[in-house]
Amino acid sequence: MKKFFSVEDVVNVYDLIKEAIYLKNNPYNFKYKNKTIGLVFFNPSLRTRISCQKAAFNLGCHTWILDLHKDSWKIEMSDGGIMKTTQEHLKEAISVMSMYCDILAVRTFPNLVNRDYDYNEVIFKKILNYSRVPVVNMESATLHPLQSLADIITIAEFTSFFKKTCKVVLSWAPHVKPLPHSVANSFSQWISKIKEVDFIITCPEGYNLSNKFSDGIGVRTIHNQNKAFENADFIYAKNWSSYSNYGKIICNGNDWMITKKKMKITNKAKFMHCLPVRRNVVVEDSVLDSKSSIVLEQSKNRIYSSQIIFKKIIESLS
Ligand code: CP
């Protein structure tokens, strides 16, 4: 694997899940001496930051971390301007950092203002271009593939590796701030590769994902949450801002919060969320604290989703 930007960089998703589960059972079996993984954050993180460090440690690799939003020079992202208020251009910053590691993993969120700019992944494409080493996407403007891989590893574990067909629902849930689409987009992209999964998205009118991550890949969307929850085996809750009215909160949708009452409609579904989650905004305490909640299992699997990706990239280094 020469880079990891999206599911499109994966040859076979089923094999990747199997290999990740093997690593989970044998975390220290593969050691790569004298390899360094650089972790660069333009935006905050808890899980991604620490799970990637743990994954690197399991592989015997060294890591360094830079929180660019607080620990470095003010980075200029646009080209051709006169840099009076910014101190270092993305071009030098990425090129230099990539000389200090064998893999460069980067997180950079969308601006949620200019849809074309975000959906063309302008910043991440520049990063891929400027880096001299393979790049890993730790969440870009529109995608969060390490999260989605952890999510489908978790579903594989709870279904004895998709032994029989199961129904997975991605449900929009309310939030107080406009959030990126990356978790929802990526989850839709990855889960639709699993043929044993009957997958459906439910959200209020005006919150449909981009066609590229819904209709365009054969994923249905319905606007009746209760109907969607019928016979569901997994409920994945996530907020995202509007795609059509880009980056906006168009209704507060408080009646879309995941409650114990709604979970009763399901087939004793497991509750999923990528975290962080706002309690009693997105989901009731009674659901998050119930036995059906598997959010911690998802977070744990963030280690192995990163570990398998780092391993595959290291093995492809010449
Ligand atoms: N789920 C996730 O990516 O968490 P962090 O933002 O804390 O890394």
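Visitor: What makes residue pairs across the interface of domain 1 and domain 2 count as polar contacts?
Guide: This is a predicted model, so a side-chain atom pair has to come with pLDDT 80 or more. The atoms must be N or O and within 3.5 Å, one able to donate a hydrogen and the other to accept it. By that rule, 10 residue pairs qualify across the interface of domain 1 and domain 2.

Visitor: How many salt bridges cross between domain 1 and domain 2?
Guide: The rule finds 0 there. The search of the whole structure does turn up 13 salt bridges.

Visitor: How do you know that lysine 24 and glutamate 157 form a salt bridge?
Guide: The cut-off is 4 Å between a Lys or Arg side-chain nitrogen and an Asp or Glu carboxyl oxygen. For lysine 24 and glutamate 157 the closest N and O atoms are 2.9 Å apart, and the pair passes. Lysine 24 belongs to helix α1 and glutamate 157 to helix α7 (residues 145-158), so the bridge ties together parts 133 residues apart in sequence.

Visitor: How much area do domain 1 and domain 2 bury between them?
Guide: About 2100 Å², with 64% of it on carbon and sulfur atoms. On the domain 1 side, Tyr14, Leu112 and Tyr119 supply 33% of the area buried against domain 2, more than any other three residues.

Visitor: Which domain features does UniProt place on the chain?
Guide: The unreviewed entry puts "Aspartate/ornithine carbamoyltransferase carbamoyl-P binding" at residues 4-157. The 4-157 span is 42% helix and 16% strand, and the 183-307 span is 28% helix and 14% strand.

Visitor: Why is the peptide bond from leucine 275 to proline 276 called cis?
Guide: Its omega is near 0°. Most peptide bonds are trans. You'll find proline 276 in the loop between β11 (270-272) and α11 (285-288).

Visitor: And what makes the phi of serine 160 worth a mention?
Guide: Phi of serine 160 is near 50°, a positive value in a residue other than glycine. Most residues other than glycine have a negative phi. Serine 160 sits in the loop between α7 and β7 (166-172).

Note on methods
Residues numbered from 1 in each chain as written. Predicted model: local features only at pLDDT ≥ 70, side-chain atom pairs only at ≥ 80, totals over all residues. Heavy atoms only, no water. Buried area = accessible area lost by both parts, 1.4 Å probe. Polar contact = N/O pair within 3.5 Å; in protein donor to acceptor, adjacent residues only side chain to side chain. Helix = DSSP H or I, 4+ residues; strand = E, 2+ residues; numbered from the N terminus. UniProt positions renumbered as here; feature names shortened; annotations may be inferred.
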